[in-house]
Structures are given as C-alpha cells and as structure tokens.
Amino acid sequence: MALCEAIGLTRRFGGNAALQDVTLGFEPATIVALIGPNGSGKTTLFNLLAGQLRPSAGTVRWRGQEITTWAPHRRCRAGINRTFQVAQPFLDLTLAENVALGLLYGAPAEGTRQRPEALEHARDILSDVGLATKVASAARTLSLGELKRLELAMAVATRPALLLVDEVLAGQSPTGSQEILGYLTRLRTQGVAICLVEHRLQALLPVADRVVALHQGRVIAEGRPEAVIKSPAVLEAYLGEPVA
Amino acid sequence: MLEAIAGGLITGTFYALLASGFALIFGVTRIFNLAHGDLVVLGAYVGEHLWRVAGWSPILAMPVAALPAMGLAVASRPLLARVGEPFVLRSIVLTFGASLLIQSGLQTTFTADFRLIVPPGWDHGISLLGVRVAGGRLSIAATALVILALLHLLLTRTFFGKSLRAVSLDREGAALAGINPVWVDRVALALGGGLAGAAGPLFASIQYVTPSAGIGPTLIAIILTIFGGLGSMSGLLLGGLLLGLAEGLAAWAGGAPWREITSLGLLLLLLRWRETPPTGRAGRLMRQGPSTGVRSPSLATFRWAGTGGMIVAVLLPVLAAPRDYLLYLGTMALVFSLLAESWSLPAQAGLISFGHAAFFGIGAYASALLSLRGHLSPWLSLIAAALLAALFGVVAAEVAGNLTGAYFSLATLAMAEILRVVALHWTGVTEGAWGLVGIPGLPRLPAGGLAHLVGTRATDYYAALLLLAAMCGTQAWIRRAPLGLALQAIRQGEARAAASGVDARRVKRIALAVSGLFAGGAGALHAHIFQWVDPASAFSLTLSVLPLIMAMFGGSRYLLGPVLGAVVLYLGNELLFQRLAPGGHLWLYGGAVILVILALPHGILGWVEARLEGRRGPV
C-alpha cells in the first residue's frame, strides 16, 4: 500500500482542464521529481494533494484512507505538507515564530505543546536550512532565496511524511542549491517521501529516485531520471517538435 | 398582496437610486462609505427645509439638496492618501467617524425632531394595471428611473463615463492610458455625493427623517452594491427591485419589523454568497484583513505605568469616597474598558467586529430577564448571561463562516442590527422600546464601617474590576500561548496558517466565544448598574462600534491599549463633551476615529512608544 496515492485526479477551472486523470503513488524515503513546462499542472497537483483545492474528479488516498474531502489543516496533521511556490510567510512575525506555528499546530500528537520550546526547536530547524542568523528578524525582511528556505523550514516543522516542495531552488546560488538538496536527501534517509517541482533539472537528476513528467495536465512519462529526460514525449513537450 | 408587490417594486427602483452614489464612489475610489446614508439624510433635511419654508416639491429640491453632500464628499478627497492599508477596512472605520460627525452636525443644526415631507396629492392613489399605488411613490420611482437611465448613458456612452469605469477596473492601467485618477476620484466623489444628497428629499417623503436615520440607506446601498456589482446600473436596478419585492412581501406577510430583518438577512446571505468566488479586485480588497499585530513593548515606562494604573484602580473607591458620582464614573469606565478589551481579542485574528453590541445586548437582556423574571440572583444571572453571549459568539463564527476583512465586519454589523430589531419588536419578552425597568442591582454594601471607606456601590465597581482583570489576564495568557500565535498567523495569512496545521474555524470560534463572554459580562453589569435596559442603549450601532473606537484610540496592539482608550474617551465624554452639546459624544468619538485612522495608526500608546523610542535613539 503506497503512502499516498492520487487516483484519476482531474481539476477543471471553467473550461480549462488544468489536470486530467492523473494517477501517481508516493513511497516513503524516496525523492520524486515532478517536471513539466509552465502550465502543465504541477502546482495544481500539489494543491489537490495538500488540500488547498478539491478535485473535479478522482480521489486522494493517504495510507489507504480516502482523504479527498479533508481540509488542509487536517492533512497537515496527518503528515502531508507543502511549500508554496509564491512564498507566503507571516510577514510581521519573526522567522522563529513562523516555523514555531507549524511545530505547535501541524506536528502529530507528540509535537511540542509550549510556545517557548517550540521557538527553541524552530531555531534548530532554521539553522538546518541555513537561516540561523535571521531567526529573530521579521519575515518581511527576507530576500527571495531566504523566503524559499523559510517556506521549507515551515513545511518541515510539521513533521511531514510526504513533503511537497514547489520550486525551492529558484533564487539560490549553486552552493545554496547543493545545501538544500543535501538537506532534502538527509530528510529522505529519515523516511520522508519528497516530491520536488523544479526546473533546474541538472541539479535534480543525481538526487531523484524517480521522475514524473507532466504536460497539459497529463502524465506523459514516468520512470528513472535518465530514461524520462530522454523520452521523445518529454523532449517534444519542452522543445515543441519531435527531435530526430 | 398585489399592492404589496407593486409597492415593493416601486420602492425598489428608489433603492437603486439610493445605492447608485455609493456604488460609484466605491467602484472608483475604493472608499467604503459608511457615511453614505448620512449624506442622504443631509439632503433630506435640506429638502424638508425647502418644502416647509418655501413649498418646494421634493423633486424640485433635489439639485439643491445635492450640493452640501457633494461638497463634503469632494472635500474629503485629500484624506484618501492617508488612509493606509488595508484600504477598504480602514475606509469603513474612517467613514464611520465621518458619519458620527455628520450626525452630530445634523443634530445641532436641525434638532432631533422627526421630519417628513408630505406633498399635497402624493398619497392620492392611482390605478396602475389594476393595482392601486400611491401617486407620490410613482413620481419617486419615475424620477429614480430617469436618473438611473441618465447615469447609465453617462457611464457607457461618454468618454467621461468610460474613464470612470476604467479607473474602477484598473487604476494603474487607466493612468497609463492617460487618464488622471485623481481627477476621476474627484468627479466620482462629487457625482456620488451629489446622487446621495439628491436622493434625500425623496427619502424624506417616504419615511421620517432623524439625524440617525442614515444607517437605513447605507445598508440598502451596501446590499445592492454587493449584489449588483460595481459598474452596472442595471445590476443595481435588478437588486433594488428584488430587495424591494422581498421587503414588501415580508412586511405584508409578517408585519413592519420583518422588512428590516429581511434586508439584513439578505445582506448576510449575499456576503456569504459573494465571498467565495474571487470577484476580481474589489472582492480581493474586501477580503483583506488588517495588518497591525500585537506588541509587548519592553519599555519599562509602560510596565510602570501599567502597574501604577492597576494600583490606582484597586484603590479608587477608597480615594473617591464618599463621592458616589466619582465611583460611578470609575465603574462605567471599567465596564467600557471590559468591552473594548473583549473587542480586541478577535481583532488579533483579523476579525474586526462592527457588531459587538450584539454580545453586549445579549448579556444585558439575558441578565435582566433572568434576574427580573426568573428571580435569579444578579450574580448568577450575570454569569449565565455571559455564557449565553459566549454561545452567541460561536453562532456568530458559524454564520460568518470563512468571511474575512470587510465582509466579516459587515456581517457582524448585520447580526447586531438584526438583534436590535428583534429586541425592539419582540415586545412580549423585551417590552420593546420601553425596555425593562427595575432590574435588581448587585447587592450594596450595608451602611457601616466598610461602606464609609469605599462607598455603598463599591460592589458594582469591584465586580467590574474583577471581570476586567479576568479579561486582561486571559489576554495576557493568550499572547504567550500557542493560541496567540495562531491568531496572529490567521490574520496575516489564513491559508498559510491552515497549511501549517491551524484549524482556523476552531480558533476563530474560540476567539469570538471568549470575546462574547466578556462583552456579555459587560452588558450584564451595565444592566445591573443602571437597573434598566432598552434596545436603543443595548444594541445601538454606536455601541457596536464604540469598543472599536476605544481600542484603536488607545492602541489595539498593546495589552492595555483598549483600557486606556476606553478610560480616556469615556471620561472625556462624561466630563467634557457631553456637557458641551447634546450630541457632544458624537463629536468626540467621530473625531477620535478620524484621528486614529489618519494620524495615530497605533493609537495613543503607539504614539507614546514612538516618542520614547525616538528619544532613546534607534536600538
């Protein structure tokens, strides 16, 4: 039984089908890279899995249970969490407070209960993602790259079993990207299932166990990284023409 | 029944005219003008004056009545730049302050008499398609249709009208196309204000006018604008017809009070319905919550001042005795402090209540009824009443659902108004406008040594102090607990908070229940101190917004800010403004609100903190 399954997920916005009949599974301790041109439905898939949107058709299963109608906070506590492509931290709170919220409310029952402990713990998580120096600053003072790291810290604070990471490498330097990918591989060894949306394919390939390619809302390829990026369907989606 | 339908439809066309000015101003300038109805009332007074003194028909008086309203509206344009974010919510608070000022001006100039224009022959019935309608109403409807048609032509066929629509759709885009948004603002304000004022004389021939009658037209304008959308006169007309029809049928079926309840209920439904689909920029602006947070300034000055204040508060009865009046002032200041503190709790989650009178009134009436009719001891009634108000807090959270920002505020306003109408008309239980009298007070101290020290009414005072201490203690605890963090997070990004595991609905329910508990307690105390309660004092709109004014004036970010604001404004009113003029309190509160929005974003304590930090230099 897979940790998380999307079965026949479809989502329409008016006449436009952002996602069509997508079926995917996620296993613990794996990193899945989700690739595809802009508009292929990657963020929509994340929204459907994490609960920000309801599907027009299809179901989401978590550890065998159907959770399609569950609200986001419930899914978060169950162990699914995601970062937001457009970072939306709590601007007037400090970074520690931003992360502490997830510790207090999103982590499963054994999570921290008291605010001061949560703030302490939050500082540890923030230094893991490289934001140790900014722990007491307000979130509105961060740069784009730092915001992405904050998003990651906030998601990790909720002790996810499935972590959906939406374009976290955007705005990072090459060393920064390596650090983040290193962090994610460490999470993988702890058993977390990770799904990464990224455009920086070269950075992903050494790290990913599996690649799923989306195009116009459908899965067009799935499998080992080397195979997927060379498949004709994927090349056509990105480059627009069959490549001889 | 056909007459009710016809009457309703006819009134409905007038409603559309009534709403047109509001919709125009909101659409172009994004000002949510809560003083709209007061501009109508202003025009009504002008029209009534012209009719009484010179015999002018209301229709003739319209252009003249439009002028003062137009002037006021245009004169307010320079203030727009100082309103700050979130614009719509702050403009609601600002225009509410303006409304209070206008009302007090009207009260001073025209006195509080009821006025009505009764042009000869206007109630003469005319047969229209076999149904009898009042001739006067028909003229009003006809005038309204003509004006709406002209407006429609203006907006769609002239360049001028198109610039108005352009700015309301996309301000920056219109500027890039060469349209000056500032000029368009001025025109929209002039036109919108003028439409409101012009509708005044017609309004005065439909119903009695008093200085505080503005809330009616304002609510109608809000309902129709939310329903009809911003650029569309036909949308307003359709909404007006439907509203008039619904009200007419409700009044025919159930009697006059159901007219108001229907329109308020429709407003609530509309808010829920319109809130979920993202209706473009206007919808997004309406959903925005406020951006001020909480602060625990470590300034020693504040700590000392707070502690000093607490010591004075505990000893006041000793210091004030034997002057009962001083003790009474102190007690009432505590009651209002309690109300203001209770308001500030949901405000931390971005829930800006414009209907806190609902809790206050429920507490007051429940405690009154339980002790008067149920023969419970005042202490027990007070506790029970507070719990009942807390329960209503949960109900209010459910009714409001996922509403945020201005939508939520309007919903609370509607709920409080519904309760007021119920209290006014459910005479079997509440005795209607007469109110309940002879409510048992809290036990007095028996004459003797202790009473000599603190006065016989010290029980009232210490009961209030106890409740206030409990409220402040709760607030202090919340600010340190995870709940406080959750409230802040919800305010700054509810979706993100939910994704971090916060059950936003539950947190809001808790905030409103606790707020209701203490606000209801304040109401109950008030009832037992005055030993009398009536709908106007328990559920008035001013009372609803008073905690907002007091909390913001003191500085709602700070734990004791609302207490400070309440003490200053209440004492300022009782000792000073109330004596200057009968409507004096309106000047004070209106002025305080405007001052806060335009100049003191974090209230008095915010100003003090900025001064103190300035003197120390940047840390």
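So, chain A: we've got 9 helices and 10 strands in there, and bear in mind this is a predicted model. The radius of gyration comes out at 18 Å, close to the 18 Å the globule rule gives for 244 residues, so chain A is as compact as a globular protein of that length.

What about contacts in chain A between residues at least 6 apart in sequence? Well, 66% of those join residues at least 24 apart.

Okay, on to a sheet. In chain A, 4 strands make an open sheet, and the order is 2-1-4-5, with antiparallel pairing. At the edges you have strand 2, that's 16-26, and strand 5, that's 65-66, each of them pairing on one side only. Strand 5 of chain A is held to strand 4, residues 57-62, by 2 bridges, and the two run antiparallel. If you want to find that spot on the screen, look for Arg61(A): its bridge partner in strand 5 of chain A is Glu66(A).

Now the interface. How many residues of chain B are in contact with chain A? It's 19, and they meet 24 residues of chain A. On the chain B side, helix 21, 482-492, and helix 22, 494-499, each supply at least two residues. Helix 21 of chain B gives the most to that side, with 6 residues. By class, the side of chain B that touches chain A has 10 nonpolar residues, 6 polar and 3 charged.

As a general thing, nonpolar side chains in soluble globular proteins tend to be buried together. Here the largest nonpolar core has 284 residues, and the ones touching the most other members are Val99(A), Ala153(A), Ile223(B), Ala486(B) and Ile549(B). The element giving the most to this core is helix 23 of chain B, residues 504-530, with 15 residues. Domain 1 (2-287) and domain 2 (303-540) of chain B each put in at least three residues as well.

Last one: Ala486(B). Which residues is Ala486(B) in contact with, leaving aside its neighbours within four places in sequence? From chain A, there's Leu101(A) and Tyr105(A). From chain B, there's Ala497(B), Val502(B) and Val507(B).

Methods. Residues numbered from 1 in each chain as written. Chains lettered and ligands numbered in written order. Predicted model: local features only at pLDDT ≥ 70, side-chain atom pairs only at ≥ 80, totals over all residues. Contact = placed C-beta atoms within 7 Å. Nonpolar A, V, L, I, M, F, W, Y, C, P; charged D, E, K, R; others polar. Rg over C-alpha atoms; globule rule 2.2 N^0.38 Å. Pairing = 2+ DSSP bridges. Core = buried A, V, L, I, M, F, W, Y, C linked by C-beta atoms within 7 Å. Buried ≥ 20, exposed ≤ 12 C-beta atoms within 10 Å, placed from the backbone. Domains from an automatic or database assignment.
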